[in-house]
Amino acid sequence: MEKDLHKEVCEEHIYSSLYEKLAQGLHDFLYYKYGQGLNPNDKVQEAFIKLWENCKKVSSAKAKSFLYTVANNLMLNEIKHQKVVLKYQNQKPRSYTKESPEFLMEQDEYYKKYQEVLSRLNEEQRTAFMLNKVEGKKHEEIAQILGVTRKVVEYRIYSAFKVLRDELEGFRIK
Amino acid sequence: MNKEELIQKWLSDTLSPEESAAFEKLEDAAFIKGIVDDAAAFKASQFAAPGDYQQLKTRLSTREPAKEKIHWIRPLLRVASVVLIGFVLSYFLWPGNTTKIETNFGEQTSVSLPDESMVTLNAVSELAFNEKNWDKSRKVRLIGEAFFDVVKGSRFQVITPKGEITVLGTEFNVKQRGQFFEVSCYEGSVQVISGQRELILEVGDSFRSYGGDFSSGKNSYTTPQWTQNTSTFERVAIVEVFAELERQFGVVITLENVKADQLFTGGFSHDNLENALKSITEPLNLDYSITETNNVRVIPGEK
């Protein structure tokens, strides 16, 4: 009556396919939540190493939640209240505007302000907002990743949106 | 439906066609949509990405031994269990079929031995025995906790890293977690050998060793409570109590500014994490907070 529980993660082809599948999403989650300064890539690798070291105790179904927990803890360990500043890259200007010098300067100021507001947001609000609106993850998936309910995720996204709207009000074209 | 409700529904992508049309008619619809669209300027993958798999492989093969421990309960248990499993595994390499059963976090399982004796394993435990040899020698090796219901017959032995139990046919519970070793007898009689000590337990007796200390006592119940979905403790150091909570619920608990060797008498049910945490923290005047992804912080409570 032998139960070969959870040996599959110890097999390299399964472990490497877990990496292909999950590394990007985990990296982006850490990036949005903690910024680049705390080296999210490093934490992703450390988390996967811990997964390998514990491969017998974690089933491939539970691997995702294990990885997110470990990576988040590694970050919390290192965090020194650094301000999270996300980089931006100007997108195509919206079609209804002209590219006058005043416009370009205003656009740059807009994005600077946006960046500043993002960095001031509560990290939970920022993470939920970015994962949903930029990465296109559904509320349900975000809820699972963060270990909260869907309603909490909706609330955080709405809260983030309200702050952005209030702070960027000055840039609204009346 | 007012404007804010419309916006909320738009944000969660749950607008009906009519509501969608109403949203587009909002005076600042373009501004609102712009805020969300412009977030794309900050998309992570434009600036940073995880390394590729080859990079990870290189790192795996050249890694240094583990540096900073985050919590000390988990690594300690993990190291202890890895060392013990390694030790026990080498012990188990006798010829013939060794059957090994393991449980993971929050898992319990029942095992039937070749003579119809029953063993119920608690979470994070391991049982091993030789099926082929069973009629000649009824011997199992245990790491962790299990309840035994042994059919009368020849000598039945349980070997754990911290002690040995011998019976002829009884019901008893063995709990071996790190330094903590406890045997409770529920039926018949049981011989326990632990360190230098040897004693016989009758129905209702229990024996415990923790670190260097030994104690004998009586069972409070007629059957181990963990098989009834409750974990109970009598004057057990809270670090052990929280370790059991981790095993039953699969969470990670950190104690901050809390005396880990405080003694606790009481229990928690396995149904609900918050109730379980309350059952332990309230009598001890502690507080807890659950952060995201299954982490719990335990701190001293308000006076």
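## Chain A at a glance

In what order do the elements of chain A run from the N terminus on? The order is α-α-α-α-α-α-α. This is a predicted model. Chain A has seven helices and zero strands.

Of the 174 residues in chain A, 36% are buried. Now take the contacts in chain A with a separation of 6 or more. Residues 24 or more positions apart account for 67% of them.

## How α1 meets α2

Two packed helices are described by the angle between their axes and the distance between the axes. In chain A, helix α1 covers residues 12–34 and helix α2 covers residues 40–53. Their axes come within 9 Å and cross at roughly 140 degrees. The crossing of α1(A) and α2(A) is right-handed.

Which residues make the contact? From α1(A) come Tyr15(A), Tyr19(A), Ala23(A), Leu26(A), His27(A), Leu30(A), Tyr31(A) and Tyr34(A). From α2(A) come Pro40(A), Asn41(A), Lys43(A), Val44(A), Ala47(A), Phe48(A) and Trp52(A). By class, the contact of α1(A) with α2(A) has twelve nonpolar, two polar and one charged residues.

## Where chain A meets chain B

The contact between the chains takes 52 residues from chain A and 39 residues from chain B. On the side of chain B that touches chain A, four elements each supply at least two residues: α1 (3–11), α3 (29–38), α4 (53–61) and β1 (98–102).

How do the residues on that side of chain B divide by class? There are 20 nonpolar, ten polar and nine charged residues.

Technical notes. Residues numbered from 1 in each chain as written. Chains lettered and ligands numbered in written order. Predicted model: local features only at pLDDT ≥ 70, side-chain atom pairs only at ≥ 80, totals over all residues. Buried ≥ 20, exposed ≤ 12 C-beta atoms within 10 Å, placed from the backbone. Contact = placed C-beta atoms within 7 Å. Nonpolar A, V, L, I, M, F, W, Y, C, P; charged D, E, K, R; others polar. Axes fitted to C-alpha atoms, helices over the stretch in contact; angles between N-to-C directions. Left-handed = near helix turned anticlockwise from the far one by under 90°.
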